[in-house]
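Okay, thanks for having me, everyone. Let me put the structure up and we'll walk through it piece by piece.

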Amino acid sequence: MEHADLKVHGIVQGVGFRPFIHKQVRFLKLTGFIKNTSSGVELELEGEKKDLQEFINTLPERAPKLAVIEKVEYSFSDKLKNFKGFEIKQSKTEAFRNTLISPDICICEDCLRELRDPFDRRYRYPFINCTNCGPRFTIIKDVPYDRAKTSMSAFPMCDACDREYHDIENRRYHAQPDCCPDCGPHVFFMDAEVREVPGDAIENARKLIKNGFIVAVKGLGGIHLACRADTPETALELRHRKQRDEKPFALMCRDTESAEKICDISDDERRILESPQRPIVLLQKKEKGLWHISENNSVGVMLPYTPLHYLLFGEDIEALIMTSANISDTPILYDNIQALEKLRGIADGFLLHNRDIRTRCDDSLCRVYEGREYFIRRSRGYVPFPIKREKNMGMLLACGAEQKASFSLSKDDYVFPCQHIGDLKNLETLSLYETQISHFERLFDIVPKAIACDLHPDYMSSEYAEKRAKAENIPLLKIQHHHAHMTSCMADNFLSGDVIGIIWDGTGLGTDGTSWGGEFLTGGFEGFERAGHIRPIKLIGGDKAAEEISRTAFYMLKDSGCDTESTENSELYSRMLEADINCPVSTGMGRLFDGVASIIGIKSTCSYEGQGAILLEAAAAEGITDIYTVSIKDKVFDWRNMVREICSDLQHSAGKDVISAKFMNTIIHMAVLICRNIREEKGLNRVCLSGGTFQNMYILRRLPKALEESGFEVYTHRRVSCNDEGLSLGQIAILNEVYNVSGNSIKNY
Ligand code: ZN
Ligand code: ZN
Ligand code: FE
């Protein structure tokens, strides 16, 4: 006989871990106890050494689906305590705050079976869940995670549920949100006039949707607007009511087979589509079409993830448009009263329920790249799971940028990035941003010792950081935007030392006071140098040029000596340029895409961010290898030759598809040449790709390959997004480095 002390770190609470341990212990005839701790669980076990060893060895592979085992520490001794049987020691309420919290997980197979079983007591009950599935992060008010600290506290368990909850053999043992029709929440349906409609709420909603109406549906992390996907009139009506002219909608399909009728789905895409996280996956349309849903070649598809969604689809609905219910760029609605008030005139009916959403969490959005999620938005299903680093970070806060606002908090070797918040452009979003920072700090018991923010002084996130650092008298580090992008990709890939960063996005304040975004940087966490960039573009009218991209086209044509006569407002623009009135310069790659998209006639005014670039990518033909002339001087890409050749192509009536492809090929070739230059000078061979431009799959499928053919090692994002949402990971990594070296005396750029 032998005694073993074990510590298991990771997500092991609220995921059916203890019943699993109970079974293992019984099977191997071990004795002892298990208890929750701040970082996971602790066990003391006694038995034959080989059985103890087997218990430890098989732990990771046999653990329940939702458990995430990060580390198992153990030691043996021959000092026996002679336990009688096996005991689960209850957690005391004094905060075990360090414990990781599980994200929300889609309904599991077992629960789905019960949902569809007429003889089950939870038949068609829309809140069915178990230790393997259901809401977590979105219903938690506080830690430690138990029912009293979730929005389920309003629903005392009935005897039947209580028995399951306490029965270690039951698959609902200690499932905090467990409930049934007798004791749990319920759905209700209201019409456009906010009158409760009698009868089966879900059937009422289904009927309305099938008849072409728009219904607000309360989900896991917020409220969606749902309507038929197969009738363009309905979609257009939704666009009209939501004032969302052109931005693509997401679809929810009943199952993968239904999605396959519309999209091509690879094995990897299927796996991620069907994963318990259930993100929206951007998939290639089978044929062009579905323009009322998406104006480009792909469409965002997700599968149902709550029992309510499954009931809503029933047997006869195959695909629904499911778009977050929000009003003019404010955060997703999540509260019944607010929804009824704000969606008046937008929704024709409301399928709501009385289980409160405590924390909003929008759907995640990703592509599948090299077999993995490549995030555009990391949110429901993933947050608040941390990003692990290989170093102790201490307690820090990084405040992100402005668009796709995000923050990260760190503790030990974990970084906790927040869920999707939105663009910090209105007070509602700022308020959500601030409350989420406090919420995360409470959940994970973090008191930041230093703060990082963007160099841009006008971002609301920078103002927040500034105020807070002052109030709490802690150091503040202002970090250049693209430096943070680069280090985000480094931290994402566990890199250290110096790298080359190809950082391409729309905008970000440079250290010279101008807007950057077509950058080649070198350096690491301690600092960086600007090694190259694209020829600056004058933005006629400043911010206006990001919307009216024909302004950028005008400048690029004029700067290249091409004909600008036919451009609308050409006289006005010329005068503005000559007098240099409100014409700031930018090296943003997004601006270069804008200009080219407009020159070749793809789009002249954008109705959502990045539209020109997205449509240019969609227009590009496959199989084109031609490029335009690449002129580089002192590691600055001079695009004027390219623009002149594009004009000549246009005169010879080359198609948009060919020109778009040639343009992107040119950019790719340019990047390889500049990286080679940098390597010759600095001997750096690792290249990190970050910034919103790397959501462009045409470039992502080709640039890494082209660089690898030149002998470079290429790194792309794995766990956070390449766009500004992922930036706070880079900020916190830099802050960690600088703060550890210089402590309270940290200096800014
Ligand atoms: Zn379940
Ligand atoms: Zn019950
Ligand atoms: Fe950016």
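Let's begin with a helix: which residues are buried in helix H6, residues 232-242? They're Thr-234, Ala-235, Leu-238, Arg-239 and Lys-242. Before I go on, please remember that what you're looking at is a predicted model.

Now, those five cover an arc of only 140° around the axis, so they end up on the same side of H6. Here's the general idea: an α-helix has 3.6 residues a turn, so residues three or four places apart point the same way. Turn to the other side of H6 and you find Glu-233 and His-240, which are exposed. What do the buried residues of H6 pack against? Two strands: S8, at 223-228, and S13, at 319-324. And just after H6 comes Gln-243, with a positive phi of about 50°.

Keep that picture in mind and jump to helix H16, residues 570-579. The buried ones there are Ser-570, Tyr-573, Ser-574, Met-576 and Leu-577. Their arc around the axis is only 165°, so they too sit on the same side, this time of H16. On the other side of H16 you've got Glu-571, Arg-575 and Glu-578, and these are exposed. The packing partners for the buried residues of H16 are strand S26 (537-538) and helix H15 (550-559). After H16 comes Asp-580, and its phi is positive, near 55°.

Which residues are the protein donors of the zinc ion we call ligand 1? Cys-108, Cys-111, Cys-130 and Cys-133, each through its SG, lying 2.3 Å from the zinc. The angles among the 4 donor atoms run from 104 to 116°, and the site is tetrahedral. Along the chain, the donors of ligand 1 follow the spacing C-x2-C-x18-C-x2-C. Are Cys-130 and Cys-133 buried or exposed? Cys-130 counts as buried because its relative accessibility is 0%, and Cys-133 is buried with a relative accessible area of 0%.

Then there's the zinc ion listed as ligand 2. Its protein donors are the SG atoms of Cys-158, Cys-161, Cys-180 and Cys-183, at 2.2 to 2.3 Å. The site of ligand 2 is tetrahedral, with angles of 104 to 117° among its 4 donor atoms. Its donor residues are spaced C-x2-C-x18-C-x2-C in sequence. As for burial, Cys-180 is at 1% relative accessibility, so it counts as buried. Cys-183 is buried as well, with a relative accessible area of 10%.

Next, a bit of sheet. Strand S19 covers residues 408-411. Ser-408 and Ser-410 point one way from S19, Leu-409 and Lys-411 point the other way, and all of them are buried. S19 has a partner in strand S18, residues 396-398: the two run antiparallel and 3 bridges join them. Ala-398, for example, has Ser-408 in S19 as its bridge partner. S19 also pairs with strand S20, residues 414-417, again antiparallel, through 4 bridges. There, Lys-411 has Tyr-414 in S20 as its bridge partner. S19 and S20 make a hairpin with 2 residues between them, and Asp-412 in the turn has a positive phi of about 50°.

So what about the core? The largest nonpolar core has 69 residues, and Ile-502 and Leu-703 have the most contacts inside it. Helix H20, residues 656-682, gives the largest share of this core, 12 residues. There's also a second, separate core of 61 residues, and Phe-20, Cys-418, Leu-424 and Phe-444 are among them. Going back to Ile-502, its contacts beyond four places in sequence include Phe-520, Ala-671, Val-687, Leu-689, Phe-694 and Leu-703.

Is Leu-650 buried or partly exposed? Its relative accessibility is 32%, so it counts as partly exposed. Not counting residues up to four places away in sequence, Leu-650 touches Ile-599, Ile-600 and Ile-659.

Conventions: Residues are numbered from 1 along each chain as its sequence is written. Chains are lettered from A and ligands numbered from 1 in the order in which they are written. This is a predicted model: local features need pLDDT of at least 70, side-chain atom pairs count only at pLDDT 80 or more; totals for chains, interfaces and linings use all residues. Side-chain values use heavy atoms; hydrogens and water are left out. Donors are N, O and S atoms within 2.8 Å of the metal (3.2 Å for Na, K and Ca); water is not among the atoms, so sites may look incomplete. Four donors count as tetrahedral if all angles lie between 85 and 135 degrees; four count as square planar and six as octahedral if opposite donors are over 155 degrees apart and all others between 65 and 115; anything else is irregular. Buried means under 20% relative accessible area, exposed over 50%, partly exposed in between (1.4 Å probe, protein chains only). A nonpolar core is a set of buried Ala, Val, Leu, Ile, Met, Phe, Trp, Tyr and Cys residues joined through side-chain atoms within 4.5 Å. Contact means heavy atoms within 4.5 Å. The arc is that of the directions from the helix axis to the C-beta atoms. Two strands pair if DSSP finds at least two bridges between them.
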